[in-house]
Amino acid sequence: MDSVLETQRRLHEEIDRLEQAVVDQFMLNPKTLKEHLLQEHTVNGYWDRITARSADLAAIFKDDDGSRKKEMDAISGANEFGEFYNRLKKIKDYHRKYPNEAVEPMEMEFMDQQPTEEKISALDDIFSGEEAGGRNLDLHEVHEHYMNLKSLKRTNYLGYLSEFTLFEEIERKDKDADYQRYLDALSTYLEGYLKRIKPLTNIGKIKEEGRQEFDKKWEEGSLPGWPKQEQDAAPTTDLFCIACKKQYAKDTVYNAHLTSKKHIKAAAQLAANGSSSNPSDQENVAEAQSKALAEKAKPEQDAAWSEFLIQKYAEILKTQIEDTKENVERRQTLTGRERDLELETDQIELEDSDSDDEEKIYNPLKLPLGWDGKPIPYWLFKLHGLGVEYSCEICGNHVYKGRKAFDKHFQEWRHAHGMRCLGIPNTRQFHEIVGIEDALALWKKIKGTKPEGAKKDQIEEFEDSEGNVFNKKTYEDLKRQGLI
């Protein structure tokens with residue numbers, strides 16, 4: 001067993017090496033999202049170890065059991081050399097007994113700081129498939145909880161992602177115990193996701209600062225959806241029941257309540273505890289009334305705090321929420337095969353435009369960058385007409401630069417989703433149509449001129465892997481012959 005001083009020395013050494021390991025980690029230049037996440041999780045693990053070892057050191061220096069002082073006295077007293085040789089003998093005896101025992105120096109643990117495939121693949125275990133390695137949120141379970149709440153409007157998952165922080169639109173009377181459980185589930189998920197995607201974020205500091213801001217706004221009554229309810233200047237205590245902790249509005253209801261079994265039982269229990277339920281005791285009634293009002297306001301304050309905290313988390317995760325909405329909107333236009341292929345795509349490179357190591361690219365004309373990261377030649381820019389912008393109202397007024405990108409976008413997910421929202425098939429007849437009114441007018445005309453005896457297999461269009469479009473009958477014949 002190591003001595004107290006040796007344990008103290010080892011803890012100091014480990015803290016020093018952990019601090020150097022943190023510096024080494026920040027000296028690395030992660031290129032992918034997973035490498036960036038691995039770096040933050042590694043640093044967070046080092047900081048946790050530093051905190052734990054510092055606590056152990058504090059306990060040693062506090063020396064509650066006096067073992068450190070006893071050892072210090074032993075090596076600094078009159079018999080200090082005898083103590084030295086006694087300890088040296090124990091060390092030699094130990095190594096003589098275990099001559100081949102392997103010892104790994106502490107510095108070996110921190111030598112290899114580079115990310116490896118094994119370390120990166122371990123990150124997949126902390127994210128679900130829907131979270132895509134930390135790029136998106138997975139609120140499907142919380143959305144189901146929301147859909148099961150009564151008196152709240154129903155919305156699909158995409159709409160929920162845009163509206164789940166708009167708590168002021170929910171009426172105050174609908175925020176019951178089930179609603180509080182929903183808020184707890186949502187807050188727990190967002191906090192856990194924030195710890196996984198940004199492990200170095202100080203959650204405790206966010207809560208502490210948020211609580212101070214919340215308490216101030218709650219007292220002022222300036223929280224959206226939670227206006228301050230004005231109480232009577234001198235609330236009446238005549239119709240308040242101390243035993244049942246309930247206020248009544250009418251004398252008849254209050255008098256009928258006094259003869260009920262529930263009140264008699266509550267009054268007997270109150271008397272057994274040594275308290276008075278006499279309505280004439282104004283001081284006790286006023287005190288009980290204030291406590292009852294405070295207990296009634298407590299659930300509302302808890303719900304308001306949960307809403308406020310969720311909005312704080314949503315502000316920090318604003319980028320991930322927007323990416324999630326875009327991903328859900330895009331995936332709605334994909335087939336099952338396309339979704340499987342998407343999982344095999346390469347990792348996304350992080351944009352590190354603020355890096356001091358990279359040279360500044362001279363690009364006064366703001367030309368697009370080529371495959372080598374440099375601006376393309378100006379003649380190529382003019383050849384492809386990249387200076388000409390095309391806007392498509394069906395795509396939400398999205399702007400496409402160049403004729404090639406504009407022609408290609410009619411078969412991409414954004415335009416296909418816009419056409420589906422309009423209830424119009426995205427066929428070649430609507431190529432070059434970018435206005436909503438024009439598309440609706442053309443669709444109305446096509447439906448009006450459709451021959452009565454038209455067959456469905458002649459109207460439906462199918463596209464092969466090369467982009468060739470056929471009607472249903474021709475497509476099935478070619479596929480049957482193995483030509484496509």
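## Briefing: helix packing and a few residues worth a look

With 11% relative accessibility, H143 counts as buried, because the cut-off for buried is under 20%. That value, like everything below, comes from a predicted model. The chain has 484 residues, and 28% of them count as buried. It contains 20 helices and six strands.

**The chain as a whole**

- The accessible surface of the chain comes to about 33300 Å². Carbon and sulfur atoms account for 51% of that surface.
- Take the contacts in the chain with a separation of 6 or more: 56% of them are between residues 24 or more positions apart.

**H143 and its surroundings**

- H143 sits in helix α6, which covers residues 140–147.
- What does H143 touch, once residues up to four places away in sequence are set aside? The list is T155, N156, Y157 and Y160.

**α1 against α2**

- Two packed helices are described by the angle between their axes and the distance between the axes.
- For helix α1 (residues 4–27) and helix α2 (residues 33–62), the angle is about 160 degrees and the axes are 9 Å apart.
- Angles over 145 degrees count as roughly antiparallel, so α1 and α2 get that label.
- The residues of this contact split into 14 nonpolar, seven polar and five charged.
- As for handedness, α1 passes α2 in a left-handed crossing.

**α1 against α3**

- α1 also packs with α3: their axes come within 9 Å and cross at roughly 110 degrees.
- The range from 65 to 115 degrees counts as roughly perpendicular, and therefore α1 is roughly perpendicular to α3.
- On the α1 side, V4, L5 and Q8 make the contact. On the α3 side, the residues are S67, R68, E71, M72 and I75.
- By class, the contact of α1 with α3 has four nonpolar, two polar and two charged residues.

**α2 against α8**

- α2 has a crossing with helix α8 (residues 177–197) too, at roughly 100 degrees and with the axes coming within 9 Å.
- That angle makes α2 roughly perpendicular to α8.
- Which residues make this contact? They are L37, E40 and H41 from α2, together with K195, R196 and I197 from α8.
- Sorted by class, the contact of α2 with α8 has two nonpolar, one polar and three charged residues.

- The buried residues of α17 are H415, A416, H417, G418 and M419. These residues pack against α13 (318–331) and β3 (389–392).
- G423 follows α17 and has a positive phi, near 75 degrees.
- F430 is in the loop between α17 and α18. Is F430 buried or exposed? F430 is buried, because its relative accessible area is 1% and the limit for buried is under 20%.
- Leaving aside neighbours within four places in sequence, F430 is in contact with F410, M419, I424, P425, A439, L442, W443 and I446.
- The C-alpha atoms of F430 and L442 are separated by 7.9 Å, with the two residues twelve apart along the chain.
- E432 is found in that loop as well, between α17 (413–422) and α18 (436–449). At 37% relative accessibility, E432 counts as partly exposed.

**Backbone angles to check**

- Most residues other than glycine have a negative phi, and most peptide bonds are trans.
- E432 has a positive phi, near 80 degrees, and is not a glycine.
- D63, likewise a residue other than glycine, has a positive phi near 55 degrees. D63 lies in the loop between α2 and α3 (67–76).

**P368 and its loop**

- Where is P368? It lies in the loop between α14 (336–342) and α15 (378–383).
- P368 counts as partly exposed, because its relative accessibility of 33% falls between the 20% and 50% limits.
- Its contacts, leaving aside neighbours within four places in sequence, are K374, P375, I376, F381 and L386.
- The C-alpha atoms of P368 and Y378 are 9.7 Å apart, and these residues are ten apart along the chain.

Note on methods: Residues are numbered from 1 along each chain as its sequence is written. This is a predicted model: local features need pLDDT of at least 70, side-chain atom pairs count only at pLDDT 80 or more; totals for chains, interfaces and linings use all residues. Side-chain values use heavy atoms; hydrogens and water are left out. Axes are lines fitted to C-alpha atoms, for helices over the stretch in contact, and angles run from 0 to 180 degrees between N-to-C directions. Helices (H or I, at least four residues) and strands (E, at least two) are DSSP runs, numbered from the N terminus. Angles under 35 degrees count as roughly parallel, over 145 as roughly antiparallel, 65 to 115 as roughly perpendicular and the rest as oblique. A crossing is left-handed if the near helix is turned anticlockwise from the far one by less than a right angle, and right-handed if clockwise. Ala, Val, Leu, Ile, Met, Phe, Trp, Tyr, Cys and Pro count as nonpolar, Asp, Glu, Lys and Arg as charged, and the others, Gly among them, as polar. Buried means under 20% relative accessible area, exposed over 50%, partly exposed in between (1.4 Å probe, protein chains only). Contact means heavy atoms within 4.5 Å. Accessible areas come from the Shrake-Rupley method with a 1.4 Å probe; for residues, only the protein chains shown count as cover.
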